[in-house]
Structure formats: structure tokens, C-alpha cells
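Please look over the structure below before reading the notes.

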Amino acid sequence: MAAAVAEYRREQSLPLPGSSAALYNNLSVLRLPGPQPQRFSAVHGPSLSLLSAAAAGLGLSHRQLPAREPGMGLSAALLTQAAWCVLPSRVLLVLTSQKGIQMYEADGSVLVYWHALDVAEHPPAQAVFARGIAAVGERFICVGTNVTVSEVLEQHGAAVTDIAAEQGRAPDGAGDLVSADDAGTLCVWSAGEEFRLVSKVPACGCTCSSVALWHGTVAAGFGNGQIRLYEAASGRLRAQVNAHARWINALDLAPETGKLLSGAEDSFVHIWKLSRNPDTDDVEIQHCHAERVPDTQVCGARFCDPEGNSFAVTGYDLSEIFRYSRV
């Protein structure tokens with residue numbers, strides 16, 4: 001790997017009301033247009049920390065959103081993930097837990113939908129949870145589980161870890177949604193009134209914890225520290241990088257530039273550039289930047305703008321969000 005030039009500098013961090021749990025993809029950023037404050041969220045136990053802050057760290061506000069089951073009083077389930085889903089008509093904050101799926105207005109003020117997982121159908125020894133959230137198309141929100149629910153896309157034999165929608169322009173037949181699971185299986189789907197399986201990468205025996213999809217290329221982060229790039233239409237492996245020394249917990253894409261952000265348990269965050277060779281049509285990945293977050297087990301990493309000029313990081317048991325911007 002070539003030595004990277006320091007392109008980003010540390011900015012003022014944002015204090016969290018509670019620390020971040022050791023979960024995959026435990027950071028969500030709502031990128032709002034113009035000068036509006038950015039919104040951040042991170043999961044800790046049965047509650048979600050919500051923050052709103054301007055680019056310079058001014059005007060900071062935060063609150064805790066407890067995940068309570070409707071009609072169950074103070075009963076709360078452990079959250080597994082939270083993410084904002086941006087649809088053409090509205091923005092929803094989606095929470096997944098051991099009990100089900102909750103959808104709120106973007107600021108977390110109003111619960112608009114609740115889908116309970118049918119725990120009674122499964123043996124007491126089997127954990128039941130939802131995990132993996134993505135908005136796709138004009139009106140679909142997809143959520144992964146480790147059990148069978150509702151409109152099911154039954155291709156995964158292990159618990160779903162992450163779901164991602166196409167963030168660029170997909171070539172014809174390449175699909176617009178990818179899902180991953182604990183066994184390393186990847187499934188690419190074409191969304192619509194009926195979801196259709198486009199391609200499937202068989203289980204590799206190593207957890208795929210995070211995925212991204214950009215211009216028909218699937219980027220997948222694995223527990224062995226590798227990032228693998230696949231052709232979405234065929235499932236063919238196009239590139240492989242030993243990106244981290246330990247488990248990768250987060251990937252994110254900057255849709256305007258093709259920058260890929262990866263964060264792992266080795267305390268490093270890396271930025272890569274995805275591209276296609278115009279002569280050979282090969283998918284290429286170039287290392288752009290390395291950032292060490294000292295004494296931190298990175299569990300969430302997200303770009304804060306569509307060009308990838310800034311990003312944010314959370315770490316296990318860390319009560320702040322680190323932010324970085326391009327020099």
C-alpha cells in the first residue's frame with residue numbers, strides 16, 4: 001500500500017449524551033442541503049443519541065431517544081442500528097432492535113410506524129433481532145433480520161448484517177440494492193413491486209459486516225480486514241485489498257466522487273477512491289488517506305457530505321463523535 005498524504009484534519013468533536021455501543025455501522029449522518037445543521041445519531045443500549053450541529057460545531061443540540069415498544073409502558077429493547085432513510089417525499093429515522101422495527105419522523109419526535117418481530121415463533125435460545133437499513137427507489141425501506149418477516153427476500157442463511165442502496169447510476173441489469181450476512185453471503189437485488197435477485201456471492205465463512213453499492217460495483221468489508229469489490233450484475237470478484245489489521249465495522253461511500261470510507265477495530269480509518277479503467281473496464285481502488293484514531297475501536301464511520309470532503313467517526317464506549325475535514 002502506498003504511503004498516503006494527510007489530506008484531512010481533526011475538527012472539534014461532538015459530545016454524545018451516551019457512549020457508542022460496539023455495533024456494526026454505529027453512526028448515521030443525515031446530510032441536509034445548504035447551511036442547515038447536520039444530524040448525527042449513535043446507538044447505546046436501549047436508546048439512541050441524536051445530535052444536531054452546524055459545520056463549525058456551533059448551535060449544538062442533543063437528545064436521547066429511548067426505543068420503547070408501543071403499548072408496553074417502560075419496556076425497552078436493545079437497539080441494533082439506526083439510520084435516516086431519505087425518500088423523495090419524506091425523511092424517516094429508522095431504528096432496529098431485538099423486538100422489531102420503528103420508524104420516526106426525521107427529528108425523532110413522532111413514531112409513525114412499528115413492526116414487531118414474532119418472537120413467539122422461535123425457540124427461547126435463538127436471539128431475534130433486526131439489523132441493516134436502506135431506502136431504495138421512491139417508496140421502499142428495506143430492513144434485514146435474522147428471522148423471516150413480512151415481505152421476505154429469502155436468500156440469506158445467516159443473520160443479515162447490512163443493506164445498502166445504489167448511490168450512483170447503476171448500469172442496466174446491475175440491480176440497485178445489496179444485502180450481506182454473517183456468513184459472508186452477498187445478494188444483489190433489483191427493486192420494484194417485486195424484488196428480483198440479480199446475483200449472489202456465496203458464503204465465504206467470514207462475516208461481511210458492511211456493504212456499499214456505487215455505479216454497479218459492490219464494496220464489501222469483512223471481519224478479516226479485507227475490502228472486496230464485486231461486479232453487481234454478475235457477482236464476479238474484481239478487486240481485493242487487505243485494508244485493515246482487524247475486523248471492519250463500517251463502510252461508506254461519497255456518491256459524487258466514488259470515495260470509500262472504511263473503519264475498523266484496528267483504530268484506523270482509511271479513505272479509498274473507486275474508479276473504472278476506461279481501457280479495460282476493470283474496477284480499480286486507490287488508497288487516498290489513513291487516519292489513526294488512538295485507543296479507539298472504530299464502530300461507525302460516515303462521510304458528512306456527498307463529495308467526501310468531511311467525515312465523522314464513532315468508537316466503542318466513546319462519548320464523542322470525532323469529525324475530520326479536508327485541508
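This is a predicted model: local features need pLDDT of at least 70, side-chain atom pairs count only at pLDDT 80 or more; totals for chains, interfaces and linings use all residues.

Residues are numbered from 1 along each chain as its sequence is written, and side-chain values use heavy atoms, with hydrogens and water left out.

**Terms for strands**

- Strands (E, at least two residues) and helices (H or I, at least four) are DSSP runs, numbered from the N terminus.
- Two strands count as paired if DSSP finds at least two bridges between them.
- In general, strands of a sheet pair through backbone hydrogen bonds, either parallel or antiparallel.

**The sheet β7 to β10**

- Four strands make up an open sheet with antiparallel pairing, in the order β7-β8-β9-β10.
- The edge positions belong to β7 (79-86) and β10 (111-116); each has a single partner strand, so one side of each has no neighbour in the sheet.
- On average, neighbouring strands of this sheet are turned by 15° against each other, direction ignored; the axes behind such angles are lines fitted to C-alpha atoms (for helices over the stretch in contact), and angles run from 0 to 180 degrees between N-to-C directions.
- Five antiparallel bridges join strand β9 (residues 100-105) to β10, and Tyr-104 has Leu-111 in β10 as its bridge partner.

- Val-110, Val-112 and Tyr-113 make a nonpolar surface patch of about 240 Å².
- Patch residues have over 30% relative accessible area and no salt bridge; nonpolar side chains (Val, Leu, Ile, Met, Phe, Trp, Tyr) are joined within 5 Å, like charges within 9 Å.
- A salt bridge is a side-chain nitrogen of Lys or Arg within 4 Å of a carboxyl oxygen of Asp or Glu.
- Accessible areas come from the Shrake-Rupley method with a 1.4 Å probe, and for residues only the protein chains shown count as cover.
- Val-112 lies in strand β10 and is partly exposed, with a relative accessible area of 36% (buried is under 20%, exposed over 50%, partly exposed in between, with a 1.4 Å probe and protein chains only).

**The sheet β13 to β16**

- A sheet of four strands, also open and antiparallel, has the order β13-β14-β15-β16.
- Here β13 (160-165) and β16 (196-201) are at the edges with a single partner strand each, so one side of each is left without a neighbour in the sheet.
- From one strand to the next, the twist averages 20°.
- Strand β15 (residues 186-190) pairs with β16 in the antiparallel sense over five bridges, and Val-188 has Ser-199 in β16 as its bridge partner.

- Strands β19 (residues 226-231) and β20 (residues 237-242) are antiparallel and pair over five bridges.
- Tyr-230 stands opposite Leu-237 in β20.
- The hairpin has five residues between its strands, and Gly-235 takes a positive phi near 80°.

**Aromatic pairs**

- The whole structure holds four aromatic pairs (rings of Phe, Tyr and Trp, the last by its six-membered ring, with centres within 6.5 Å; planes under 30 degrees apart are stacked, over 60 edge-to-face, the rest tilted).
- Tyr-8 and Phe-311 form an edge-to-face pair, because their ring centres are 5.3 Å apart and their planes stand at 65°.
- This pair links distant parts of the chain, with Tyr-8 in strand β1 (residues 8-10) and Phe-311 in strand β26 (residues 310-315), 303 residues apart.
- Both Tyr-8 and Phe-311 are buried.
- Ring pairs link Tyr-8, Phe-311 and Tyr-324 into a cluster.
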